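Please read them beside the model.

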Amino acid sequence: MSTPTKTNGTGLEDVNIPGQAFLREALTSCTDPLKAIESFQVENGVLLPSLRPMLPLLDLHGVRRLDFHTSLMEELRDKLIAHINELGQKEPRERDKMLKELLVKSFPVVRVKSLRPVVMAILRNTQHIDDKYLRILVRDRELYADTDTEVKRQIWRDNQSLFGDEVSPLLSQYIREKEHILFDHTNLQNLFFQPTPKLRRQGEVVQKLANMIGSSVKLYDMVLQFLRTLFLRTRNVHYCTLRAELLMALHDLEVQEIISIDPCHKFTWCLDACIREKNVDIKRSRELQGFLDNIKRGQEQVLGDLSMTLCDPYAINFLATSAIKILQHLINNEGLPRENQILILLLRMLALGLSAWLMIDSQDFKEPKLDGQVVTKFLPALMSLMVDDQCRSLHAKLPPDERESALTTIEHSGPAPDAVEAYIQESAVSSILAMYYTLHTARIKDRMGLLRVLAILSVCKDDRAYEDPFLHSLIALLIPMCDEFATEDFCTTLFDEFIFAGLQRENVTCRHMLKLLWYIHQKLPPGRLGSLMKAMQPTAAHNEHIHKLYESLQERIGSAASTSASVSLSQTGSEPLIPLVETPATPQLPGGASPVSASLSPASELDSSPLKSLPLPPPPPHFATPTP
């Protein structure tokens with residue numbers, strides 16, 4: 001798109017209205033400019049006899065002729081636009097013919113700003129605009145900026161790169177918003193998994209994308225191609241979230257042209273209902289299983305989109321949390337994992353979601369087979385770990401008995417079963433289940449249970465235990481357990497055996513750990529705090545926001561230390577450097593440290609647009625795009 005070259009006139013001459021060119025010619029060729037101006041005013045002013053007598057009266061009140069004519073023009077323009085909008089609601093045959101005639105007559109004046117809204121109203125109500133008009137709008141930046149979204153859709157359908165330029169800032173904004181929730185060190189209330197699906201898809205970016213797409217299947221397919229390509233390029237799972245939220249936003253708007261042909265719609269709708277209700281019953285489990293079982297030969301590419309839907313962190317969170325609940329139910333009822341069909345379905349969907357990137361990258365659209373040993377060996381081992389934790393919890397509620405306490409500690413507090421550690425190294429599904437059981441133990445503040453499973457999380461397949469959504473949830477649950485950080489065994493397991501194993505990952509050191517230290521530094525032993533701060537120190541490769549957060553944390557720790565030292569000095573009653581005159585009952589200074597607050601600069605913005613290099617050849621669309 002380029003700025004147009006300057007042309008003579010504004011298009012008024014094309015519709016037989018004297019404009020700039022006529023007035024310029026009249027003033028340069030006349031002998032009396034004032035008379036030429038007066039003649040132009042008489043010929044082109046208000047021609048209604050009923051209004052002409054008002055002009056001298058307005059002159060007496062100091063109303064300029066320009067103001068009078070502008071006011072009159074705006075009133076007529078608004079009435080004309082209202083009439084055009086009414087015309088747009090009529091039957092297609094009558095409407096299209098009249099709008100086409102109006103467009104032919106009015107489009108030449110589209111560069112007159114005061115008249116442009118009329119032309120845009122005609123274009124907005126025209127279902128199929130000729131390419132000659134669209135080309136003019138695309139070439140002129142000012143006209144394109146003033147064009148309504150309904151008209152731009154017709155431009156974007158045949159201009160993927162231009163549509164990509166429009167979509168790219170929204171996708172970048174969406175990723176920044178998600179990362180802000182995950183990394184914001186002041187955020188302890190609005191956690192990542194708290195908003196409901198309905199609330200999430202009411203977000204600004206999702207609604208803007210839905211409005212840009214409208215009912216255009218071709219634009220919807222373009223957005224899906226962008227999301228697939230970016231997910232493939234970056235492995236960022238937030239693009240999977242956006243794919244599901246966008247489909248459900250169009251579902252809320254009842255855009256039947258799209259949701260009726262997207263083969264993922266009913267599956268995503270059913271899964272969304274389960275996530276909203278935090279439960280999957282027998283009826284919905286049969287529906288979900290039916291979608292997976294009934295994929296016909298030749299439609300295997302649908303698995304690519306289904307896997308993206310299940311790779312959404314909110315879907316992973318629901319599937320894993322539900323699986324842990326079912327395992328607890330089986331323990332209480334002495335059931336076997338392989339006999340619970342809903343559990344098998346959850347694990348099947350979890351396996352499909354965790355293989356999304358590999359499936360799209362390889363273009364091998366086959367559902368991964370769930371390892372039977374995960375069900376027959378790993379889950380029983382995990383359940384034995386859960387039973388140990390329940391036994392300790394139950395024993396803690398009984399009257400104290402030293403011998404029984406010793407036996408309980410010996411029998412139910414040892415290392416996690418070897419099978420658990422072995423399978424989380426080989427299976428992504430096993431890793432996710434172990435991670436979410438970790439969150440469960442932290443949520444109920446089971447100290448021993450948390451340490452047992454934390455000690456082995458560092459060996460999870462593909463370093464899944466260091467992914468942002470999990471660390472965000474874990475840190476939020478550890479902060480209320482701040483008193484535990486004063487003990488050496490807790491710090492050794494958490495930091496030495498888990499956190500330090502992932503220090504090579506920037507998100508661990510510079511995001512989540514700084515947030516944890518922000519709240520629990522006062523409870524840490526000085527030596528441990530010093531080693532952690534040294535390990536967390538950002539380098540030149542880190543952005544400015546990380547450096548500022550680290551400096552703020554240093555100031556917070558220093559301020560807390562100085563306050564603590566002054567309180568300690570006052571409580572020990574040390575002799576002051578300057579002798580005091582003895583007085584009866586000299587009171588001591590009050591103890592207690594004042595709270596320390598620190599400010600944080602907003603999250604840094606992305607430096608580059610993720611779609612700048614698009615369009616690359618994206619993976620083939622998963623459903624045919626009808627010809628618009």
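1. Arg464 sits in the loop between α26 (447-454) and α27 (468-478). Helices here are DSSP runs (H or I, at least four residues), numbered from the N terminus. The model is predicted: local features need pLDDT of at least 70, side-chain atom pairs count only at pLDDT 80 or more, and totals for chains, interfaces and linings use all residues. Residues are numbered from 1 along each chain as its sequence is written, and side-chain values use heavy atoms, with hydrogens and water left out.

2. Arg464 counts as buried because its relative accessibility is 12% (buried is under 20% relative accessible area, 1.4 Å probe, protein chains only). Its side chain makes a polar contact with the side chain of Glu467 (3.2 Å). A polar contact is a pair of N or O atoms within 3.5 Å, where one must be able to donate a hydrogen and the other to accept it; residues adjacent in sequence count only if both atoms are side-chain atoms.

3. Beyond four places in sequence, Arg464 contacts Leu354, Ala428, Ile432 and Met435 (heavy atoms within 4.5 Å). The C-alpha atoms of Arg464 and Ala428 are 7.7 Å apart, across 36 residues of chain.

4. Arg201 lies in the loop between α11 (197-200) and α12 (204-213). At 6% relative accessibility, Arg201 is buried too. Its side chain makes a polar contact with that of Asp272 (3.0 Å). Residues that Arg201 touches, beyond four places in sequence, include Glu245, Met248 and Asp252.

5. Asp272 is also among the residues nearest the centre of the largest cavity, which 14 residues line.

How values were computed
Helix = DSSP H or I, 4+ residues; strand = E, 2+ residues; numbered from the N terminus. Buried < 20%, exposed > 50% of the residue type's maximum accessible area, 1.4 Å probe, protein only. 1 Å grid on protein atoms, 1.4 Å probe; cavity = no way out; pocket = protein on both sides within 12 Å on 5 of 7 lines; lining within 4 Å.
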